Amino acid sequence: MADTTDNTVTGEASSVPRKSSWRYIGPGIVVAATGVGAGDLVATLIAGSNFGYTLLWAAVIGCLVKISLAEAAGRWHLSTGRTLFDGWASLGRWTTWFFAAYVVIWGFVYGAAAMSSSALPLQALFPDVMDLEWWGIACGLVGLVFVWFNKYEVFEKVMTVLVGVMFVVTVYLAIRVAPNLADAFAGLLPVLPDEKDSILNTLGLIGGVGGTITLAAYGYWVNAKGWTDTGWMKVMRLDNRVAYITTGIFVIAMLFVGAELLHSANVAIASGDKGLLQLSDILEDEYGPATAKFFLIGFFATSFTSLIGVWHGVSLMFADFVARFRGQGEQRGAEVASGARERSWPFRAYLLWLTFPPIVLLFQGEPFRLIILYGVLGAAFLPFLAGTLIWLLNSTRTPREWRNGPVSNAMLAIAGLLFLVLCVKQIWDQPWSEFF
């Protein structure tokens with residue numbers, strides 16, 4: 001059987017490659033770019049600032065955990081020919097209601113967060129052009145227009161370029177701060193910091209490496225690439241490994257920066273995206289304005305890839321959800337591969353939902369009760385994903401050859417327990433007394 005490229009470019013039915021090859025890589029780059037946002041870089045930077053290299057092992061484990069989740073999502077799509085939401089729907093109506101609540105509330109708040117995060121480095125680079133809110137609106141509108149008018153293949157190419165920018169900037173910074181390699185290798189030993197709440201801090205770092213709902217979107221991007229059957233399984237697994245090796249490089253590089261630039265000088269930065277602006281100021285003091293501006297360009301690439309990645313991937317999922325909800329029968333990956341989902345009205349309606357209603361939050365602040373619900377639903381999604389993948393991939397819904405083996409089950413179970421602990425902590429920490 002001849003080697004071939006994917007059918008998103010040729011428009012023809014996909015044929016199976018003889019072997020996995022680097023030239024097929026694509027969805028993994030997209031999921032890595034989308035999953036690693038400014039918040040992930042700040043969390044890793046703060047871990048390096050607080051604990052030096054001690055939690056380097058936790059960042060590596062975080063990548064391994066996410067590899068297992070994304071691989072399972074991709075394996076479901078390829079082995080069954082059905083989409084992940086179709087699998088969820090087969091487990092009962094409760095999955096539909098959970099997803100509906102999640103995708104509406106999460107999308108509303110995330111839209112504002114993504115626009116604001118993309119706007120921060122632009123305002124820092126061009127402070128006299130316009131206010132932060134208007135930069136945020138501009139980023140949202142650019143993302144909307146780009147995803148609306150382009151199909152997956154163009155989207156993937158642009159994401160690849162932006163990932164290249166992220167990669168060059170983060171690796172450059174890691175080299176510039178001259179990491180202590182002996183301490184870094186020692187950080188691969190699983191040792192907990194000798195501080196209060198060190199276990200929860202460690203679990204938070206593991207769980208925070210590289211994506212939430214984007215892990216579920218990976219299977220949709222696999223289909224959009226033109227991979228719709230088990231002949232692409234080896235390619236998908238290589239692609240997935242590339243995704244989280246790339247993610248690992250990003251977070252390890254930022255941990256190096258935190259350990260060398262902040263920990264050694266006992267400098268603390270704020271959590272959230274504004275912590276990266278503080279880092280820009282520190283870089284300017286240490287290495288000059290050129291390095292600071294270079295970092296801000298990487299900061300923008302990191303934030304904007306997350307924005308357009310969610311605009312595309314979660315809109316695909318929402319379009320699939322609406323098709324199933326309207327009783328259009330079993331949802332097939334071939335529908336995603338054909339580009340029909342990207343042209344559908346639910347896809348574009350969710351794009352509008354992510355872009356326009358959140359603009360209100362940019363000007364009025366984030367409503368308190370909505371933020372609590374957003375936090376709870378967001379924390380619950382990854383336990384939901386891990387648990388349902390275990391269920392689906394050990395049942396007769398999946399062909400026997402492609403069901404979970406012991407290693408897959410163990411990794412998904414570890415992921416599920418990890419995210420369940422973090423979910424309970426997130427719910428526990430919410431100020432519920434002020435909610436009612």
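Student: Leaving aside neighbours within four places in sequence, which residues is S79 in contact with?

Tutor: Contact means heavy atoms within 4.5 Å. By that criterion, and with neighbours within four places in sequence set aside, S79 is in contact with T230, M233, T398, P399 and W402. This is a predicted model, in which local features need pLDDT of at least 70 and side-chain atom pairs count only at pLDDT 80 or more, while totals for chains, interfaces and linings use all residues. Residues are numbered from 1 along each chain as its sequence is written, and side-chain values use heavy atoms, with hydrogens and water left out.

Student: In which helix is S79 found, and is S79 buried or exposed?

Tutor: Helices are DSSP runs (H or I, at least four residues), numbered from the N terminus. S79 is found in helix 4, residues 56-80. Buried means under 20% relative accessible area, exposed over 50%, and partly exposed in between (1.4 Å probe, protein chains only). S79 has a relative accessible area of 10% and is therefore buried.

Student: What does the side chain of S79 reach, and at what distance?

Tutor: A polar contact is a pair of N or O atoms within 3.5 Å; within protein, one must be able to donate a hydrogen and the other to accept it, and residues adjacent in sequence count only if both atoms are side-chain atoms. Here the S79 side chain reaches the backbone oxygen of R75 at 2.7 Å.

Student: How many residues does the largest nonpolar core have?

Tutor: In soluble globular proteins, nonpolar side chains tend to be buried together. A nonpolar core is a set of buried Ala, Val, Leu, Ile, Met, Phe, Trp, Tyr and Cys residues joined through side-chain atoms within 4.5 Å. The largest one in this model has 135 residues, and W88 and F381 are among those with the most contacts inside it. W88 touches residues including F99, M317, F381 and L385, not counting those up to four places away in sequence. Apart from that core lies another, of 8 residues, among them A184 and F256.

Definitions and conventions. Helices (H or I, at least four residues) and strands (E, at least two) are DSSP runs, numbered from the N terminus.
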